[in-house]
Amino acid sequence: MSLSKSPDAFKLRTLFMGSLGEIPESHARTAGPKQLAAWIKEGLIEHRRAEKLYALTPKGESRIR
């Protein structure tokens, strides 16, 4: 299974669907804290605490395409 077809890539794509690569913390929490931590550890997303949002990294953008 390719990376872009994996269940995690689908969850990530769905979470950021319709956004410009940034979503509010409240929306991101629907994925669950363990999943968010895993994506951060993989370098797919970053948490911008000051702005209270999560953003896709270039690696994350390539994963969901």
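Gln35 has its place in helix α3, where helices (H or I, at least four residues) and strands (E, at least two) are DSSP runs numbered from the N terminus. With a relative accessible area of 16%, Gln35 is buried; buried means under 20% relative accessible area, exposed over 50%, and partly exposed in between, with a 1.4 Å probe and protein chains only. The model is predicted, so local features need pLDDT of at least 70 and side-chain atom pairs count only at pLDDT 80 or more, while totals for chains, interfaces and linings use all residues. Residues are numbered from 1 along each chain as its sequence is written, and side-chain values use heavy atoms, with hydrogens and water left out.

- Gln35 touches Asp8 and Lys11, not counting residues up to four places away in sequence, and contact here means heavy atoms within 4.5 Å.
- Together with Gln35, the buried residues of α3 are Leu36 and Trp39. Seen down the axis of α3, these buried residues fall within an arc of 100 degrees, so they line one face of the helix; the arc is that of the directions from the helix axis to the C-beta atoms.
- An α-helix has 3.6 residues a turn, so residues three or four places apart point the same way.
- On the other side of α3, the residues Pro33, Lys34 and Lys41 are exposed, whereas the cover over its buried residues includes α1, α2, β2 and β3.
- Helix α3 lies across β2 and β3 and runs at about 110 degrees to β2; axes are lines fitted to C-alpha atoms, for helices over the stretch in contact, and angles run from 0 to 180 degrees between N-to-C directions.
- Just after α3, Gly43 takes a positive phi of about 85 degrees.

**The sheet**

- The strands form an open sheet of 3 strands in the order β1-β3-β2, with antiparallel pairing, and two strands pair if DSSP finds at least two bridges between them.
- The edge strands are β1 and β2, each of which pairs on one side only, and the twist averages 25 degrees from one strand to the next.
- Strand β1, residues 22–24, pairs with β3 in the antiparallel sense over 3 bridges; in β3, Tyr54 is the bridge partner of Ile23, and Ala55 is the bridge partner of Glu22.
- Strand β2, residues 45–48, is joined to β3 by 4 bridges, and the two run antiparallel; Ala55 in β3 is also the bridge partner of Glu46.
- β2 and β3 form a hairpin with 4 residues between them, and Lys52 in the turn has a positive phi of about 55 degrees.
- Both faces of β3 are covered, with Leu53 and Ala55 buried on one side and Tyr54 and Leu56 buried on the other.
- Helix α1 lies across β1, β2 and β3, running at about 120 degrees to β3.

**The nonpolar core**

- The largest nonpolar core has 12 residues in all, among them Leu12, Phe16, Ile23, Trp39, Ile45 and Ile64. A nonpolar core is a set of buried Ala, Val, Leu, Ile, Met, Phe, Trp, Tyr and Cys residues joined through side-chain atoms within 4.5 Å.
- The elements that give two or more residues to this core are α1 (7–16), α3 (33–42) and β3 (53–56), and α1 gives the most, with 3 residues.
- Ile45 touches residues that include Leu12, Phe16, Leu36, Trp39 and Tyr54, not counting residues up to four places away in sequence.

- Ala55, in strand β3, counts as buried at 1% relative accessibility. The C-alpha atoms of Ala55 and Leu12 are 43 residues apart along the chain and separated by 11 Å.
- Thr57 has its place in the loop between β3 and α4 (58–64) and counts as buried at 13% relative accessibility. A polar atom of the Thr57 side chain lies 2.5 Å from the backbone oxygen of Gly43.
- Not counting residues up to four places away in sequence, Thr57 touches Gly43, Leu44, Ile45 and Glu46.
- His27, in helix α2 (residues 25–28), is partly exposed, with a relative accessible area of 37%. His27 and Lys11 are 16 residues apart in sequence and 13 Å apart in space, C-alpha to C-alpha.

Terms used. A polar contact is a pair of N or O atoms within 3.5 Å; within protein, one must be able to donate a hydrogen and the other to accept it, and residues adjacent in sequence count only if both atoms are side-chain atoms.
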